[in-house]
Amino acid sequence: MPAALLADIILVVHFSIVAFIVIGELLILVGWWRRWQWARNPWFRWLHLFAIFAVVMLGFVIGYCPLTEWEYELRESIGQAQEPGSFVGRLIHQILFVELPEWVFQPLYVAFGLLVLATMWFYRPRRFKSATKRDEI
């Protein structure tokens, strides 16, 4: 697989994870307000909590996102600028990578993680259904 394509795939995966975390929390908050039952889905909610927890922990443990590093390394290996060449790649890159000082991001991740944790506490997901014997026909 060409390095440029692999870098674009990593960029799309990275964007998808960020979108899942941010849009997921917005949908949970709106679902709480609108009383949407799917917003209490335990699989969705625990996966959402795990995703932001992973972001926060990666920030504390290694200090950067490995997806960003892999994408940049692939682009550098083929002499491509860190910003992708395709239109969609540039668009995703501009949305995903905000120009702020490095020290700003970790407190933002922690604050967002605390928001997700508070949402889990105050608007709890349903319990997982226990495995029960199916009704006989």
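This is a predicted model: local features need pLDDT of at least 70, side-chain atom pairs count only at pLDDT 80 or more; totals for chains, interfaces and linings use all residues.

1. Residues are numbered from 1 along each chain as its sequence is written, and side-chain values use heavy atoms, without hydrogens and water.

2. Two packed helices are described by the angle between their axes and the distance between the axes. The axes of helix H1 (residues 3–34) and helix H3 (residues 66–77) come within 9 Å and cross at roughly 160°. That makes H1 roughly antiparallel to H3 (a term for angles over 145 degrees, where angles run from 0 to 180 degrees between N-to-C directions). Helices here are DSSP runs (H or I) of at least four residues, numbered from the N terminus.

3. In the contact of H1 with H3 (heavy atoms within 4.5 Å), H1 contributes residues including Leu6, Ile10, Leu11 and His14, and H3 contributes residues including Leu67, Trp70 and Leu74. The contact residues divide into 10 nonpolar, 3 polar and 3 charged (Ala, Val, Leu, Ile, Met, Phe, Trp, Tyr, Cys and Pro count as nonpolar, Asp, Glu, Lys and Arg as charged, and the others as polar).

4. H1 also packs with H5, at an angle of about 30° and with the axes 11 Å apart. Ile21, Val22, Glu25, Ile28, Leu29 and Trp32 in H1 meet Phe112, Leu115, Val116, Thr119 and Phe122 in H5. By class, this contact has 9 nonpolar residues, 1 polar and 1 charged.

5. The largest pocket holds about 1200 Å³ of space (a pocket is an open set of points, on a 1 Å grid, where a 1.4 Å probe fits, with protein on both sides within 12 Å along at least five of seven lines; lining residues have an atom within 4 Å of a point). Of its 33 lining residues, His14, Cys65, Leu96, Phe105 and Tyr109 lie nearest the centre. H1 gives the largest share of this lining, 7 residues. The lining comprises 25 nonpolar, 5 polar and 3 charged residues.

6. The second largest pocket holds about 200 Å³. Its lining includes Pro42, Trp46, Trp121 and Phe128, and H2 and H5 are the elements that give two or more residues to it. The largest share, 3 residues, comes from H5. This lining has 7 nonpolar, no polar and 3 charged residues.

Definitions and conventions: Angles under 35 degrees count as roughly parallel, over 145 as roughly antiparallel, 65 to 115 as roughly perpendicular and the rest as oblique. Grid points are joined across faces, edges and corners, and a volume is the space filled by probe spheres set on the points.
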